[in-house]
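Subject: Structure for your review

Dear colleague,

Please find below the structure that I am handing over to you. My notes on what was found in it follow directly after.

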Amino acid sequence: MKTFLKFILFLAIILGALYFCWQSGLLDKYLNKDNELKIDKTENIIEEIKKISEFTTTCFYEELVLNEKKASKWVDNKAGSLLSKITGKEKSDISSDDIAIIAKGKVRAGFDLSNMSDSTLAFHGDTIVMTLPKAEIFDVIINPSGFEIYNEEGTWSHEQITEIENKAKDKLQQDAIESGILEKAETSGKAKLSDLFKSFGYKVVKFN
């Protein structure tokens, strides 16, 4: 009889405790604890990724030689125009100023992760699925010391040389694209991000 009474008392205590937890909301908090931890973890991961911002994954290096020519000053006038008509030649073919500039630079490409949000990440147990933006070129860098005038004949103004230097940047970017820099940036970026997520404890990393 005493044993039965002890059991009833024990059961009443357990039921009372569960009722208290239910009334106070502690039971819901416990049941939702894992979900809250996942939300916090997601937010932490997103914040860490956004700090990366421009995630550089590939660089393209090249040395270019640009050869330019223009009509010499003495034929770049009315007399030169008349002579061009008589001979049937371009002014620069009659007499030209020539310049050769060597340019050394690089193109930087990767992913812009500054706009990451919880909608770009999905978690399924030990698997994470990430929606990546398209790989893009961040910048074309040729420092002032990266330009060298290899040969110069005639008269070239600062503006004309600057124009040639801008052509060098355009050519460098075009060569980088033709070499597949964007495709390489995407492949390399996915590999690096996969390693990053696995360091957070995820076993499987997928990309959309």
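Along the sequence, the elements of this predicted model are arranged in the order α-α-α-β-α-α-β-β-β-β-β-α-α-β. In total, the protein has seven helices and seven strands.

As to the overall fold, the protein has 208 residues, of which 30% are buried. Of the contacts with a separation of 6 or more, 82% are between residues 24 or more positions apart. The exposed surface comes to about 14,000 Å², and 55% of this area is supplied by carbon and sulfur atoms.

I then turned to the aromatic rings. Two values describe such a pair, namely the distance of the centres and the angle of the planes. The protein contains one aromatic pair. Its members are Phe123 and Tyr202, with ring centres 5.4 Å apart and planes at 40°. Planes under 30 degrees apart would count as stacked and those over 60 as edge-to-face, so the pair of Phe123 and Tyr202 is tilted.

Which parts of the protein does this pair tie together? Phe123 belongs to strand β3 (residues 121-124), whereas Tyr202 is located in the loop between α7 (181-199) and β7 (204-207). The pair therefore links parts that are 79 residues apart in sequence.

The two residues may also be described by their accessibility. Phe123 has a relative accessible area of 24% and is partly exposed. Tyr202 has a relative accessibility of 7% and counts as buried, because the cut-off for a buried residue is under 20%.

With kind regards

Definitions and conventions. Residues are numbered from 1 along each chain as its sequence is written. This is a predicted model: local features need pLDDT of at least 70, side-chain atom pairs count only at pLDDT 80 or more; totals for chains, interfaces and linings use all residues. Side-chain values use heavy atoms; hydrogens and water are left out. Helices (H or I, at least four residues) and strands (E, at least two) are DSSP runs, numbered from the N terminus. Buried means under 20% relative accessible area, exposed over 50%, partly exposed in between (1.4 Å probe, protein chains only). Contact means heavy atoms within 4.5 Å. Accessible areas come from the Shrake-Rupley method with a 1.4 Å probe; for residues, only the protein chains shown count as cover. Rings of Phe, Tyr and Trp (its six-membered ring) pair if their centres lie within 6.5 Å; planes under 30 degrees apart count as stacked, over 60 as edge-to-face and the rest as tilted.
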